[in-house]
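Please open the model in a viewer and keep the sequence beside it. The tour below goes stop by stop, saying what to select and what is found there.

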Amino acid sequence: MLKVGLSGCNGTMGRILNELLQEDQHTTVVFGIDLDPTRFENEYPVFKTPKEVTVPCDVVIDFSKPENIDALIDYCLLNRVPAVIATTGLTEEQESKIVEASHQIPIFRSGNTSLGVNVLLDLVKTATRLLNDQFDIEVIEKHHNKKVDAPSGTAFMIASSINEELHNSMEYHYGRQGNHTKREEKEIGIHSVRGGTIPGEHTVIFAGPDEMIEIKHTALSKKIFAQQAIRAAEFVTQREPKLYNMHDVMNAN
Ligand SMILES: NC(=O)C1=CN([C@@H]2O[C@H](COP(=O)(O)OP(=O)(O)OC[C@H]3O[C@@H](n4cnc5c(N)ncnc54)[C@H](OP(=O)(O)O)[C@@H]3O)[C@@H](O)[C@H]2O)C=CC1
Ligand SMILES: O=C(O)C1=N[C@H](C(=O)O)C[C@H](O)C1
């Protein structure tokens, strides 16, 4: 039985994960972490911060807020607990802290756990390589009106995959409001749309002279993220200290 600590247990993703983990005969939630421990009648203890956790677990799954991440990593390091960190909008320092911590404990990190987006990343890399600088590239992401970070973590993952293919020569441009000059060749435009209950949509546009390619992923529910995060949790508990992503999980037998 995999004993899971659920960080952000009262949130939208936390509640979906809770349901899936309790349904699964191989997993159980042993504690939660969230700002208001009394908000729901959880069947397990909920702690306000990772520092307060007193219950042992095999792995922590985190879908919370950036404010929680430093203390969560400290908790995982102190207790040698593997982690799945899915929260987006982290600072560069926090991303570096995750990399550092992964030298001591196994950490899975991804801004998007869906299978489709991780295939999209490969398709986008291939298109970028084949088009070799000839087409302008723009990323459009659409999400629900409760999302607090923009651009999405996925949009950053897409932009950085493209940039790696182009030897990190590109600059990111967020929207074009206030611009009075034309688009530069070395730009990746990144645009955010927020509304309703959109679970997540990412479109990458390759625009060339007289032709255009669009590569698009649409999440039709939030459940897909939770299901693959659980798969990542099972994966990471059986691994040596290292930083893992969704490609590692998808490529494992
Ligand atoms: N990697 C992926 O595939 C995916 C990542 N995400 C990311 O997961 C995160 C959570 O998403 P979602 O569930 O929709 O967001 P929610 O806002 O619904 O949930 C976040 C939860 O964390 C709680 N929280 C806030 N601050 C802290 C803190 N300091 N310590 C502990 N808990 C805290 C919130 O409490 P309160 O409401 O009181 O603030 C809330 O219950 C986001 O960053 C989102 O982008 C989402 C889907 C997929
Ligand atoms: O907040 C969300 O909902 C999502 N966040 C992630 C992101 O920022 O890319 C992943 C997914 O798109 C849903």
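**Stop 1: the seven-stranded sheet**

Begin by selecting the seven strands that form an open sheet in the order S3-S2-S1-S4-S5-S6-S12, with parallel pairing. At its edges stand strand S3 (46-47) and strand S12 (243-244), each with a single partner strand, so one side of each has no neighbour in the sheet. Two strands count as paired if DSSP finds at least two bridges between them. In general, strands of a sheet pair through backbone hydrogen bonds, either parallel or antiparallel.

This is a predicted model, in which local features need pLDDT of at least 70 and side-chain atom pairs count only at pLDDT 80 or more, while totals for chains, interfaces and linings use all residues. Residues are numbered from 1 along each chain as its sequence is written, and chains are lettered from A and ligands numbered from 1 in the order in which they are written.

Next, select strand S2 (residues 27-33) together with S3: the two pair in the parallel sense over two bridges. Ile-33 has Phe-47 in S3 as its bridge partner.

**Stop 2**

Go to Arg-80, in the loop between helix H2 (69-79) and strand S5 (83-85). Arg-80 is not a glycine, yet its phi is positive, about 55°. Most residues other than glycine have a negative phi, and most peptide bonds are trans.

**Stop 3: around ligand 1**

Select ligand 1. It is surrounded by 26 residues, the closest being Gly-11, Met-13, Lys-65, Asn-68 and Ala-86. A residue is counted as near a molecule if its C-beta atom, placed from the backbone, lies within 6 Å of it. Helix H1 (residues 12-23) gives the largest share of this shell, three residues. By type, the shell around ligand 1 divides into six nonpolar, 15 polar and five charged residues. Here Ala, Val, Leu, Ile, Met, Phe, Trp, Tyr, Cys and Pro count as nonpolar, Asp, Glu, Lys and Arg as charged, and the others, Gly among them, as polar.

**Stop 4: the five-stranded sheet**

Now select the open sheet of five strands in the order S8-S9-S7-S10-S11, whose pairing is mixed. Strand S8 (171-174) and strand S11 (211-218) are the edge strands, and each pairs on one side only. On average, neighbouring strands of this sheet are turned by 20° against each other, direction ignored. For such angles, axes are lines fitted to C-alpha atoms, for helices over the stretch in contact, and angles run from 0 to 180 degrees between N-to-C directions.

S8 pairs with strand S9 (residues 187-194) in the parallel sense over four bridges. Tyr-172 stands opposite Ile-188 in S9.

Residues are in contact if their C-beta atoms, placed from the backbone, lie within 7 Å. Helix H5 (residues 153-165) also packs on the sheet, touching strand S7 (136-143), S8, S9 and S10, and its direction makes about 165° with that of S7.

S7 and S9 run parallel and are joined by seven bridges. Glu-138 stands opposite Gly-189 in S9.

**Stop 5: a cis peptide bond**

Zoom in on Pro-151, in the loop between S7 and H5. Ala-150 and Pro-151 are joined by a cis peptide bond, with omega about -10°.

**Stop 6**

Colour the protein by domain: domain 1 (2-113 + 222-251) and domain 2 (115-218), with bounds from an automatic or database domain assignment. The domain centres, taken over C-alpha atoms, are separated by 28 Å. Nine residues from domain 1 and 11 residues from domain 2 make the contact.

Finish at ligand 2. Which residues are around ligand 2? They are Thr-88, Gly-111, Asn-112, His-143, Lys-147, Ser-152, Gly-153, Thr-154 and Gly-200. Each of domain 1 and domain 2 supplies at least three residues of this shell. The shell around ligand 2 has no nonpolar, eight polar and one charged residue.

Methods
Contact = placed C-beta atoms within 7 Å.
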